[in-house]
Each structure stands twice: as structure tokens, then as C-alpha cells.
Amino acid sequence: MTDETFTHRDLSSITGVSVTTIKSYRKKFPEFFFIVGHGKPLRFRKGADKLCLRIRDLFNSNLSVKQIRDKLLTEFESVKQNRQLSEKTENTKVNSDDFGKLARTTAQMMNGLAALVTAQAKSEQRLARIEKYLKELIQSQSESPSGTNDLLQEIKNILTSSGGLQQPERVTAKKVVTIKKDGGESESYSLDTDNSAIEPERDFLELPVVIHSDTGEFLGMPGRPGQPFTLEELVNMVIVHKEANSSKVWHKQGRDWVLAVKAPEGRLHELYFSRTHTPKGNIVSFFKRLDIDSVSQSHAEILSFFREVRDLIDSI
């Protein structure tokens, strides 16, 4: 730590919260964190200590993310107020609008790459099943030529359900991402025009996430002290801690938002969420379905997954 800059660890020591919590502050309020250079570890300019202390105190007062942002806008400098984000060159300047556009485009392209990973994972699963049945078919053909009809039907069913073997999707010159589903339907999203198809709305991510209990009632979980366990926290726990180094992509299926998560050596997880009202009139994000490697999981397995992810908060 110097008099002018701070690292994540410095800020953790000053505020008394974990490094992971400091990183979550930066993720929730990126416009208030000013980076000095881009080496490692990242360093933040003078004032980041006061900012983190203020965010900590506001969370301890049970304020929402939106309420905290409104207060920070009146108390601290933000990217939106500081229009010149990059260093001046001899003849050019990069303003905050340019930087924001670049950041959005980069994030959208990363989501597109994640979509390709998801499509490839499903194709590999189908190909492995077909290879298995082909080997059995060859063996059965040599032993009993009349007993191959069932194996041929299995292969036919796989091809029919997938609409044929899927080829890897690609992002075209128009920056379009296409996601194919098991039933053969496909959805295409334009990365430069349809931001809503790439990421859920902020207010949806900030909703408390709930599931059905064993008795069919809505069941939520406590999150950080004094806060409900939100959809944004669940997503962060899954991709950062439960499925480390995983790729993720959001897409819409009817009224549901579907999050596909795939770690490099892990299984494909697809989590289905919908906006709904509880009997008490609260608006929540309902975690309604979980598929692992394209296989729908039981309610007991969804409940176990939900509790396991929530418990990660206490271990950080």
C-alpha cells in the first residue's frame, strides 16, 4: 500500500472484509473504482479506501444496491462524471462513452464465445452417445444380424431429437450469436443491437432467488448479513466458486431466462429462472429447473444444488 494507490488486499485490510467482498464491491459499483495502470496486482487510486468503507457501512445499514449507488453518486467521483477515462495522447482522447461502448462490445463477444462452448458441449455429448451405439451395432451385427433394430432406432432417435448433429455455431460479420436447442429450434441474437438478449435486466438480477420447498411453498435463503440471497449472488457463486473458471451465457426461452455454465473439464449446467410473485406479493426470481448435461434434475437435486451454492457464502 502507498499513500496514493491500493490493491484489493490493501482495501480488505482497511475495511475488515474479505478480498472477495472487495471484488464484489467493484463488480457492483465499477464506475467508482479508478484503476492506476493495468499491471498485477491491480492498483486503485487514492480515495478507494474511503469508497470501500462507505460501501461496507451502507450494506451494513441494509440498503439495496440501487440505494447505495444513488448515495455514492452524490459523495464520490464516478466514471460517468469523469468523461476523460484514458490518458491523453498527442492528438487523441478516449472519453467515457467510447470506453463504455468498447466494454459492452467486449462483454457481448465474450457471451457469444460462451454460447459456442455451450453448443459444442451438447454436440460432443450427442456424438459420444452415437459412437457408443455404433460400436454396439457393429458388435451385434457380427454376432446376431437380426438383433440390431433396437440400436438403429436409438441412433435415429438421437438424430431426430437434435435435428442432426450440430455444427459449431459462429459469430458472423454482423456479430450474430445463434443458440440451438435440443428440439431443433434456434434463437439468434445481434450482439450490437439486442443487449437484452445477452444479459438479464439489472433489476431481475437483484431480485431474491427462491425455489419451491418440499411442501410447494416459496423458499429463499439469507445472503450477506441483513440481505436476501439474490440471483446475482447465486450466479456469481456458481461461476466463480462452484464451477471455477467456467464460461457462461444467458439466453431467453419464452418468459424464462436460462443460464448455461460450463467449466473446462466440468459438466454443462443449465439453470432456468422466471420472474414471479409470491403469495405475499413479493417479486422474486424463481429457480424453477436445473439441467445437467441436458438431463433435467429432480426437485430434491435442485434443492440440494441451491443450498450448496448458498452455503458457499459462509465459506468465503
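Student: What makes alanine 119 buried or exposed?

Tutor: Buried means under 20% relative accessible area, exposed over 50%, and partly exposed in between, with a 1.4 Å probe and protein chains only. Alanine 119 has a relative accessible area of 7%, so it counts as buried. It is found in helix α5, residues 96-143. Helices here are DSSP runs of H or I with at least four residues, strands are runs of E with at least two, and both are numbered from the N terminus.

Tutor: A word on the source. This is a predicted model, where local features need pLDDT of at least 70, side-chain atom pairs count only at pLDDT 80 or more, and totals for chains, interfaces and linings use all residues. Residues are numbered from 1 along each chain as its sequence is written, and side-chain values use heavy atoms, with hydrogens and water left out.

Student: Why is the contact of glutamate 31 with arginine 69 called a salt bridge?

Tutor: The term needs a side-chain nitrogen of Lys or Arg within 4 Å of a carboxyl oxygen of Asp or Glu. Here the closest N and O atoms are 2.8 Å apart, so the pair meets the definition. The whole structure has twelve salt bridges.

Student: Are these two partners buried or exposed?

Tutor: Glutamate 31 has a relative accessible area of 10%, so it is buried. Arginine 69 is at 19%, so it counts as buried.

Student: What makes aspartate 57 and arginine 56 partly exposed?

Tutor: Aspartate 57 is at 33% relative accessibility, so it counts as partly exposed. Arginine 56 has 23%, so it is partly exposed. Their side chains meet in a salt bridge, at 3.1 Å from N to O.

Student: Which parts does the salt bridge of aspartate 293 and arginine 267 tie together?

Tutor: The N to O distance in this salt bridge is 3.4 Å. Aspartate 293 lies in the loop between β10 (283-292) and β11 (295-296), and arginine 267 in the loop between β8 (256-262) and β9 (268-277), so parts 26 residues apart in sequence are tied together. Aspartate 293, at 26%, counts as partly exposed. Arginine 267, at 47%, also counts as partly exposed.

Student: Why is the pair of tryptophan 250 and tryptophan 257 called edge-to-face?

Tutor: Rings of Phe, Tyr and Trp (its six-membered ring) pair if their centres lie within 6.5 Å; planes under 30 degrees apart are stacked, over 60 edge-to-face, and the rest tilted. These two rings are 6.0 Å centre to centre, with 90° between the planes. That angle is over 60, so the label is edge-to-face. Both tryptophan 250 and tryptophan 257 are buried.

Student: What makes the pair of tryptophan 250 and phenylalanine 273 tilted?

Tutor: Their centres are 6.1 Å apart and their planes are at 50°, so the pair is tilted. Tryptophan 250 lies in strand β7 (residues 247-253) and phenylalanine 273 in strand β9, so the pair ties together parts 23 residues apart in sequence. Both residues are buried. Ring pairs link Phe229, Trp250, Trp257, Phe273, Phe287, Phe305 and Phe306 into a cluster.

Student: How do you know that the charged end of arginine 45 sits over the ring of phenylalanine 34?

Tutor: The rule asks for NZ of Lys or CZ of Arg within 6 Å of the ring centre and within 35 degrees of the ring normal. Arginine 45 is placed over the ring of phenylalanine 34, 3.9 Å from its centre. Arginine 289 lies over the face of tyrosine 272, at 4.2 Å from the ring centre.
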